[in-house]
Amino acid sequence: MLTRGERERYDRQIMIGEIGTEGQEKLKRSCLAIAGAGGLGSPIAFYLTAAGIGKLRIIDHDEVTLSNLNRQILHWEEDIGRKKVDSAKWKLEKLNSTIQIEAIAETINETNASALFEGCDAILDAMDNLPTRYVLNRCSIEKGIPFIHGAVYGFEGRVMTVLPGKSACLRCLYRGTLPPEKFPVIGVVPAVIGCIQATEAIKYLLGIGTLLTNRFLLYDGLELTFNEFAVERNPDCDHCGSIPSKE
Amino acid sequence: MGVKVHIHTTHRQFTNGAEVVEVEGQTVGECLEHLIHQYPAMEKALFAKKGKLLNHVEVYLNHASAYPDELLKPVKDGDEIHLVLMLAGG
């Protein structure tokens with residue numbers, strides 16, 4: 001049940017036919033994990049907090065630095081040196097005190113991933129490197145929970161939603177890996193991509209619209225174009241190939 | 001009428017700024033060979049060694065992933081190839 005305050009807070013989105021009171025209650029009962037509290041994690045966390053997701057679990061081992069501030073809008077000058085998850089939790093609770101923010105300052109790896117994402121309805125990818133994205137991808141497949149992939153570089157970004165056993169996974173798309181690197185980026189790009197990821201999460205939780213499954217969206221901020229490419233499950237995929245189809 | 005190859009923004013420095021290059025070939029691999037014949041600097045931008053694409057290069061044929069075995073995929077006149085680079089930042 002929504003409280004009187006929640007009805008007022010979410011009034012404009014409850015007015016959307018596809019959401020309504022029932023949908024808002026679903027969002028309130030949901031738990032989403034945001035893997036990373038940086039460039040992508042910032043818009044994702046802000047908008048999911050504003051939308052009233054009942055519980056957000058934010059995981060990031062890093063601390064805020066000055067060079068983060070061109071894009072990581074969760075963090076301000078006064079936060080330099082703080083754990084990103086602590087900085088994020090403080091801001092998000094100021095924005096919406098009716099939801100629960102879990103701040104976990106850990107490095108995601110093969111060993112702890114399953115426990116970190118236990119009880120979550122979906123994982124949102126806000127990482128800054130490909131190896132950890134593969135850890136998230138594999139974890140989502142093993143746990144059978146959706147993985148909403150996003151990545152940026154320069155003026156470019158991409159998004160794809162993975163429904164384990166139903167749609168192509170990240171590994172079906174990629175040939176190999178790349179070592180972590182310092183990448184160029186300007187904040188408006190993760191802003192666009194993170195908002196699309198948050199939109200996908202809300203749609204998934206509510207069971208509405210058409211998800212970005214078996215296709216990925218490529219955003220080019222310089223040309224201001226969105227291109228869509230079809231992707232199929234790879235039966236030989238070393239992450240999801242052995243998972244029976246849930247079609 | 002051949003096959004159109006859409007060049008990624010960061011690769012256009014190797015194609016004299018061309019966004020789309022017309023090529024010929026029976027497979028994706030042959031089309032990329034023809035691309036490199038026209039613009040030799042594209043070889044290092046696409047291939048780790050002969051017959052092996054760089055890890056971060058993705059090939060899409062008619063807006064669908066050509067992975068795996070991209071280079072062997074058959075093409076016909078009017079087809080379009082997009083060369084896309086993997087992104088890993090966040």
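Helix α7 of chain A is followed by A:Gly144, whose phi is positive, near 70°; helices (H or I, at least four residues) and strands (E, at least two) are taken as DSSP runs and numbered from the N terminus. The model is a predicted one, in which local features need pLDDT of at least 70 and side-chain atom pairs count only at pLDDT 80 or more, whereas totals for chains, interfaces and linings use all residues. Residues are numbered from 1 along each chain as its sequence is written, and chains are lettered from A and ligands numbered from 1 in the order in which they are written.

Helix α7(A) covers residues 130–143 and, with 14 residues, reaches 20 Å from its first C-alpha to its last, close to the 20 Å expected at 1.5 Å a residue, the expected span being 1.5 Å times one less than the number of residues. Among the buried residues of this helix are A:Leu130, A:Arg133, A:Leu136, A:Asn137 and A:Ile141, where a residue is buried if 20 or more other C-beta atoms, placed from the backbone, lie within 10 Å of its own, exposed if 12 or fewer, and partly exposed in between. The elements that cover the buried residues of α7(A) include β1 (31–35), β4 (122–125), β5 (147–153) and β6 (156–162) of chain A.

Four bridges join β1(A) to β4(A), and the two strands run parallel; strands are said to pair if DSSP finds at least two bridges between them. Within this pairing, A:Ala33 has A:Ile123 of β4(A) as its bridge partner. β4(A) also pairs with β5(A) in the parallel sense, over two bridges, and here A:Leu124 stands opposite A:Ile148. The chain passes from β4(A) through α7(A) to β5(A) in a right-handed β-α-β crossover, that is, with the strands pointing away from the viewer, the path from the first strand over the helix to the second runs clockwise. In β4(A), A:Ala122 and A:Leu124 point one way and A:Ile123 and A:Asp125 the other, all of them being buried.

A:Leu124 is also one of the residues with the most contacts inside the largest nonpolar core, together with A:Ile34 and A:Ala45. This core has 89 residues, a nonpolar core being a set of buried Ala, Val, Leu, Ile, Met, Phe, Trp, Tyr and Cys residues joined through C-beta atoms within 7 Å. Helix α9 (residues 188–206) of chain A gives the most to this core, with nine residues. Neighbours within four places in sequence aside, A:Leu124 is in contact (C-beta atoms, placed from the backbone, within 7 Å) with residues including A:Ile34, A:Ile44, A:Ile148 and A:Ala201.

A:Ala45 is among the buried residues of helix α4(A), a helix spanning residues 41–51 that is mostly covered, with nine of its eleven residues buried. This helix is followed by A:Gly52, whose phi is positive, near 90°.

A:Leu205 is found in helix α9 of chain A and is buried, with 21 other C-beta atoms within 10 Å. Its contacts, again leaving aside neighbours within four places in sequence, are A:Lys26, A:Leu27, A:Ser30 and A:Asp121.

In chain B, four bridges join strand β1 (residues 3–6) to β2(B), the two running antiparallel, and B:Val5 stands opposite B:Val21.

Terms used:
Two residues are in contact if their C-beta atoms, placed from the backbone, lie within 7 Å.
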